[in-house]
Amino acid sequence: MVSVDNTKRIAAFLEVPLGKVGYNSEKILTRTKSAKEPSISGFSSIIQSLVRETKKPVVGPIPRDFEVECEILQWLDYAVLFVAPSNKDKHVAKALLEELNHYLQSRSYLVNDTLSIADVVVFHTIYDTMANLQPLEKESYLNVSRWYHHLQQLDDVRQGKVLLNFSTLQLLEWATGTHT
């Protein structure tokens with residue numbers, strides 16, 4: 001399940017007031033901007049509405065082609081359907097990380113060659129999975145680790161989340177300590 005906290009962080013990244021966000025009676029994430037406007041249900045729909053409202057040039061409504069927009073929408077759905085469940089099941093996490101690692105083998109970002117809302121959403125959704133990885137596991141998913149480490153260095157993307165350690169020095173200290 002995608003969290004209210006992640007939605008708040010994404011809204012902060014986009015510099016858009018979120019309004020009230022929570023889960024409705026069917027446990028679907030719902031956003032209410034004001035009493036005069038209808039609420040928006042569903043994580044992907046909420047993120048799309050935030051993107052339409054932002055004036056931030058890195059992800060805002062700049063002219064993009066239809067294919068790029070579709071790719072971004074696919075990543076939003078991917079975050080809900082595949083990334084979020086990986087936080088609760090280590091077997092799902094392993095399959096997800098292998099898939100993402102392969103995808104990021106020749107890419108710096110998820111869509112095209114610039115930061116997009118897809119990167120920010122997946123970054124926040126995969127945080128718990130990445131935080132639970134041991135140093136050796138992080139090295140097994142080098143491309144994901146590289147991508148994640150890069151994004152977490154951007155303060156406006158990280159939004160106050162704790163920096164995860166991807167240093168190989170930590171691995172060296174851990175390995176040395178276990179072999180004495």
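Mentor: In what follows, a residue is buried if its relative accessible area is under 20%, exposed if over 50%, and partly exposed in between. The model under discussion is predicted.

Trainee: What share of the contacts with a separation of 6 or more falls to residues 24 or more positions apart?

Mentor: As background, buried residues make up 43% of the 180 residues in the protein. Among contacts with a separation of 6 or more, the share of residues 24 or more positions apart is 60%.

Trainee: Which residues of α1 are buried?

Mentor: Helix α1 is mostly covered, with eight of its eleven residues buried. These residues pack against β1 (20-23), β2 (29-32), α2 (43-53), α5 and α9. Just after the helix, E15 takes a positive phi of about 60 degrees. The buried residues of α1 are V4, N6, T7, R9, I10, A11, F13 and L14.

Trainee: Which residues of α5 make the contact with α1?

Mentor: Helix α1 (residues 4-14) packs on helix α5 (residues 117-125) at an angle of about 150 degrees, with the axes 10 Å apart. The crossing of α1 past α5 is right-handed. On the α1 side the contact is made by N6, R9, I10, F13 and L14, and on the α5 side by I117, V120, V121, H124 and T125.

Trainee: By class, how many residues in the contact of α1 with α5 are nonpolar?

Mentor: The contact includes F13 and L14 of α1 and V120 and V121 of α5. By class it has one charged residue and three polar residues, and the number of nonpolar residues is six.

Trainee: Is H124 buried or exposed?

Mentor: H124 lies in helix α5. Neighbours up to four places away in sequence aside, H124 touches N6, R9, I10, V157, R158, Q159 and K161. The relative accessibility of H124 is 1%, so the residue counts as buried.

Trainee: Which residue lies over the face of F13?

Mentor: F13 is one of the buried residues of α1. At 3.9 Å from its ring centre, the residue over the face of F13 is K56.

Trainee: What is the angle between the ring planes of Y78 and F82?

Mentor: The search of the whole structure finds six aromatic pairs. Y78 and F82 form a tilted pair, 5.3 Å centre to centre, with an angle between the planes of 40 degrees.

Trainee: Where do Y78 and F82 lie?

Mentor: Residues three or four places apart on an α-helix point the same way, because the helix has 3.6 residues a turn. Y78 and F82 are four residues apart, about one turn, and both lie in helix α3 (residues 66-86).

Trainee: Is F82 buried, exposed or partly exposed?

Mentor: Together with W75 and Y103, Y78 and F82 form one aromatic cluster. Y78 has a relative accessibility of 12% and therefore counts as buried. For F82 the relative accessibility is 46%, so F82 counts as partly exposed.

Trainee: How many residues apart in sequence are the parts that Y148 and F166 tie together?

Mentor: Y148 and F166 form a tilted aromatic pair, 6.0 Å centre to centre and 45 degrees between the planes. Y148 lies in helix α8 (residues 142-152) and F166 in the loop between α9 (155-158) and α10 (168-178), so the separation of the parts tied together is 18 residues.

Trainee: Which residue lies over the face of F166?

Mentor: Both F166 and Y148 are buried. At 4.9 Å from the ring centre, the residue over the face of F166 is K138.

Trainee: Which elements do the buried residues of α8 pack against?

Mentor: The buried residues of α8 are N143, V144, S145, W147, Y148, L151 and Q152. They pack against α4 (90-103), α5, α6 (127-131), α7 (135-140) and α9.

Trainee: Which residues is L163 in contact with, leaving aside its neighbours within four places in sequence?

Mentor: L163 is found in the loop between α9 and α10. Its relative accessible area is 44%, so L163 is partly exposed. From C-alpha to C-alpha, L163 and H149 are 8.5 Å apart, at a sequence separation of 14 residues. With those neighbours left aside, L163 is in contact with Q152, Q153 and R158.

Trainee: What distance separates the C-alpha atoms of K27 and G42?

Mentor: K27 lies in the loop between β1 and β2. At 63% relative accessibility, K27 counts as exposed. K27 and G42 are 15 residues apart along the chain, and their C-alpha atoms are separated by 9.8 Å.

Key. Residues numbered from 1 in each chain as written. Predicted model: local features only at pLDDT ≥ 70, side-chain atom pairs only at ≥ 80, totals over all residues. Heavy atoms only, no water. Phe/Tyr/Trp six-rings, centres within 6.5 Å; stacked < 30°, edge-to-face > 60°. Helix = DSSP H or I, 4+ residues; strand = E, 2+ residues; numbered from the N terminus. Buried < 20%, exposed > 50% of the residue type's maximum accessible area, 1.4 Å probe, protein only. Lys NZ or Arg CZ within 6 Å of the ring centre and 35° of its normal. Axes fitted to C-alpha atoms, helices over the stretch in contact; angles between N-to-C directions. Left-handed = near helix turned anticlockwise from the far one by under 90°. Contact = heavy atoms within 4.5 Å. Nonpolar A, V, L, I, M, F, W, Y, C, P; charged D, E, K, R; others polar.
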